[in-house]
Structures are given as C-alpha cells and as structure tokens.
Amino acid sequence: MHDRHTQVMRELGRRADDIRAWRRGIHHYPELAFDEHKTSALVAQLLEQWGYEVHRGLAATGVVGVLRRGTGPRRLGLRADMDALPIQELVGRPYGSCRPGLMHACGHDGHTAMLLGAAHFLAEQGEFDGTLHLIFQPGEEGAGGAKRMMDEGLFERFPCDSIFAMHNAPLHRQGELQFREGPTMASADYATVTLHGVGGHGGMPHLATDPLVAAAALVTALQTVVSRNCDPQIASTVTVATLHAGDSNIVIPNQAVMQLSVRALDQAQRDLMVRRVEELAMAQARSFGVRAEIEWRQGYPVLVNWPEPTRLAYQSALARFGAERCVPQTPAVTASEDFAFMLEKVPGAYFFIGNGDAPGSCVVHHPGYDFNDDNLVIGAAMWVGLAEDFLVRDTQAQG
Ligand SMILES: [Zn+2]
Ligand SMILES: [Zn+2]
C-alpha cells in the first residue's frame with residue numbers, strides 16, 4: 001500500500017504543472033451555471049484524449065467520462081463541480097478572472113482540476129477492476145445542476161454503486177482530509193413573505209392598516225422558531241435577510257416584503273420549520289389586520305453521508321496520508337450543497353480538503369478567495385486511492 005501511494009504521489013507530482021495549468025486556465029475564464037461551455041469542452045477534450053468514453057450535454061454543459069478496466073462488476077462515481085459565481089474578483093493574480101463580475105470563488109476550478117489529474121493518472125496507470133464514472137457537473141451554485149443531471153438520466157445511463165465528491169474547506173489546515181458520517185450539510189429553503197395592508201397618511205394611522213409594524217413583529221416572532229420549536233441538538237437557522245416597506249416618512253405603506261432563508265440538518269426539522277414560519281406569518285398578519293402571502297422556493301435537501309462509504313473513504317485516506325492529516329468526524333456545516341440530491345439516490349459520501357489557514361485566507365464566496373494549488377496533487381491522489389480501493393483488483397484471481 002505504502003509503495004503504491006508513494007508511486008502515485010511521485011507520478012502525480014510529475015504532472016503537477018499540467019494540473020495547475022488546468023486549474024488556473026479554468027480560474028482565468030469563469031463561467032456561471034449551465035454556461036460552462038469552455039470549461040466542459042476542456043474537460044471533454046482531455047478525457048477523450050486519455051481514452052475515456054465521453055458523454056456531453058447532460059444538464060446542458062455536464063460531462064461524464066467512462067473508463068472500464070477488467071471484468072469487475074463494480075461501478076464508482078466521482079463528481080466534481082465546474083461553475084463559478086457572479087462576484088467581482090479582487091485584482092492581483094496573473095491568472096485572475098478575465099470576465100468582469102465573474103469569478104471562481106468557491107474553488108470549483110480546483111475540484112475540476114483535481115479530478116482531471118486523477119482521471120489522467122487512472123487512464124494511464126490506474127490499477128483497478130470495474131467501471132469509473134467521472135461526473136463533471138454544471139450549476140452547483142443555487143442552480144441544482146446535480147438534480148438536473150439526475151432528471152436527465154444520470155444514474156440510469158451511468159449506474160453507480162457508490163458516489164463521492166470533495167469540496168475545499170477554507171480556514172482549515174491545508175491538505176487536511178475531513179470526513180463525517182450522517183447529516184453534514186444543511187437543507188435550505190427560501191421564502192418571500194408579503195404583508196398586504198392599507199396605506200395612508202402618517203398622521204392618521206387609525207385610517208390605515210400598517211403592514212410595516214406587523215412585519216417588525218413578525219421578524220421578532222420568527223426568532224422563536226429556532227429557539228422554541230427546534231430540537232436544540234439539531235443545527236438550524238432562520239434568517240430574515242431583507243425587509244422592504246415604504247419610501248417616505250409621512251406615508252404608511254401598502255405592503256411590506258421580507259425574504260428569509262430556513263436551514264436545517266434534519267428533514268423532519270426542516271418540515272417543522274417551514275410549517276412554523278407559515279403559521280407565524282399567517283397568525284401575526286391576522287392579529288394586525290393585514291394579509292400574509294408566502295412564496296417558497298425549495299433549495300437543496302439535507303446532505304446525509306452514508307456510513308459505509310464514508311468509512312471506506314476515511315480508511316482510504318488514512319492508509320495513505322496518515323492520522324495526522326485525516327479527521328474521521330468533522331463538524332457539520334450549515335451551508336448547503338446539491339450533491340445532497342445524488343446522495344438521496346446513491347450511497348456515498350461528501351468530504352472536505354482543508355484549503356489552508358494562513359493569515360489573510362478568505363472564505364468561499366469572498367472576492368479574495370482562491371483555491372490552494374498545493375492541494376491539487378493531494379486531492380488527485382485521494383481520488384486515485386479511493387478508486388483503487390473501491391474498484392480493487394482481485395490479485396489472487398490474477399495469479
Ligand atoms: Zn459555493
Ligand atoms: Zn462550492
């Protein structure tokens with residue numbers, strides 16, 4: 001095992017310049033959800049060049065690369081996301097975004113490059129028996145590209161016995177591999193609440209029905225969903241992020257509109273929170289004589305890592321990188337991730353690689369953020385190791 005890992009690291013080390021060039025090339029030309037034409041063309045062209053059977057156009061710009069070796073029946077899915085964000089990057093990097101207002105601020109450029117690095121190695125020197133499905137997904141940032149790929153037949157066309165994905169973790173030690181069984185990322189739902197009242201003269205409130213005062217009371221009431229209704233053992237948040245009403249200090253407005261997000265690390269709690277938000281909005285509105293209208297937009301479900309695949313990924317990392325660099329049960333995160341949809345259908349795990357904690361490092365979605373290139377070889381080696389462990393060759397059968 002140790003010899004094999006040393007060999008993999010050495011070989012990937014030789015390709016480090018290539019992997020970094022792909023990462024920086026993708027970073028230089030960021031593309032938003034379902035518009036990843038250049039990125040997905042690069043991915044497809046490289047995979048084809050290395051002998052993968054390449055399928056384009058799943059969820060517009062998604063790509064699946066298939067590589068079969070031996071006669072093993074097992075099928076492994078490894079997924080990377082490819083999309084960027086509508087953020088203006090801080091200037092100063094030679095490979096910085098050339099597209100104003102767009103940037104790779106979540107490290108998906110790095111995720112794509114790590115999986116490409118592994119893909120190249122596995123095609124040339126991979127020791128495995130079975131089928132590899134490399135899934136390059138568009139539109140992770142709010143657009144639900146994972147779901148759309150599934151709706152377009154991802155797992156019917158490319159069945160997987162297990163699937164894995166890796167995300168960088170800013171402000172954590174560079175190269176640290178973090179795993180977690182069970183609920184790991186939160187569900188997210190978004191509501192727009194409109195309170196309809198009757199506007200009027202600021203000096204004659206008795207002739208109006210003020211939606212603004214009702215809205216203020218509702219913002220406070222909504223704080224009780226987490227503090228009074230939710231199980232304190234399960235992380236959850238309700239955030240009222242916008243509140244708009246009126247535009248003059250002498251006029252009572254007709255309506256007040258607020259936008260909120262609701263997150264939970266458990267499906268039952270998620271359902272309860274949605275119900276409580278509705279009940280509070282309706283009842284508060286009634287008590288103030290205004291009318292509430294709620295529009296929901298469902299975000300991603302709770303991301304739940306399956307125990308068995310999580311253990312396999314952890315053991316795979318542990319055997320290669322040592323206990324010093326592997327965390328078996330890292331805390332859950334209250335951001336959300338559309339790989340959750342894939343994990344609802346197929347056993348697997350989502351894990352993290354520390355992006356570095358040097359002073360001045362930025363969180364994802366920050367204009368100063370950058371993927372840490374020191375992780376490219378480590379991440380690629382993690383994928384190679386996991387693929388060779390999951391699709392392990394039966395050495396006895398081969399004599
Ligand atoms: Zn993101
Ligand atoms: Zn991301």
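Is Ala60 buried, partly exposed or exposed? Ala60 is partly exposed, with a relative accessible area of 37%; buried means under 20% relative accessible area, exposed over 50%, and partly exposed in between, with a 1.4 Å probe and protein chains only.

Before the tour continues, note that this is a predicted model in which local features need pLDDT of at least 70 and side-chain atom pairs count only at pLDDT 80 or more, while totals for chains, interfaces and linings use all residues. Residues are numbered from 1 along each chain as its sequence is written, chains are lettered from A and ligands numbered from 1 in the order in which they are written, and side-chain values use heavy atoms, with hydrogens and water left out.

**Stop 1: Ala60**

Keep Ala60 selected. Its place is the loop between β1 (53–58) and β2 (62–69); helices (H or I, at least four residues) and strands (E, at least two) are DSSP runs, numbered from the N terminus. Although Ala60 is not a glycine, its phi is positive, at about 70°. Most residues other than glycine have a negative phi.

**Stop 2: the zinc site**

Select the zinc ion (ligand 1) next. Its protein donors are Cys106 (SG), Glu141 (OE), Glu141 (OE) and His365 (NE2), at 2.0 to 2.7 Å. Donors are N, O and S atoms within 2.8 Å of the metal (3.2 Å for Na, K and Ca); water is not among the atoms, so sites may look incomplete. The spacing of the donor residues in sequence is C-x34-E-x223-H.

Why is the arrangement around the zinc ion (ligand 1) irregular? The four donor atoms subtend angles of 53 to 149°. Four donors count as tetrahedral if all angles lie between 85 and 135 degrees; four count as square planar and six as octahedral if opposite donors are over 155 degrees apart and all others between 65 and 115; anything else is irregular.

Cys106 is buried at 6% relative accessible area, whereas His365 is partly exposed at 38%. His365 also has a positive phi, near 75°, in a residue other than glycine.

**Stop 3: strand β16**

Move to Ile353, which is in strand β16. This residue is buried, with a relative accessible area of 0%. Beyond its neighbours within four places in sequence, Ile353 is in contact (heavy atoms within 4.5 Å) with residues including Met114, Met166, Leu177 and Ile378.

**Stop 4: aromatic rings**

Rings of Phe, Tyr and Trp (its six-membered ring) pair if their centres lie within 6.5 Å; planes under 30 degrees apart count as stacked, over 60 as edge-to-face and the rest as tilted. The count comes to seven aromatic pairs. Select Tyr350 and Phe352: their ring centres are 5.4 Å apart and their planes at 85°, so the pair is edge-to-face. Tyr350 is buried at 2% relative accessibility, and Phe352 is buried at 8%. Then select Phe179, Tyr314, Phe351 and Trp383, which form one aromatic cluster.

**Stop 5: charges over rings**

Finally, select Arg74 and Phe390: the charged end of Arg74 sits over the ring of Phe390, 3.8 Å from its centre. The criterion is NZ of Lys or CZ of Arg within 6 Å of the ring centre and within 35 degrees of the ring normal. Arg148 likewise has its charged end over the ring of Phe34, 4.3 Å from the centre.
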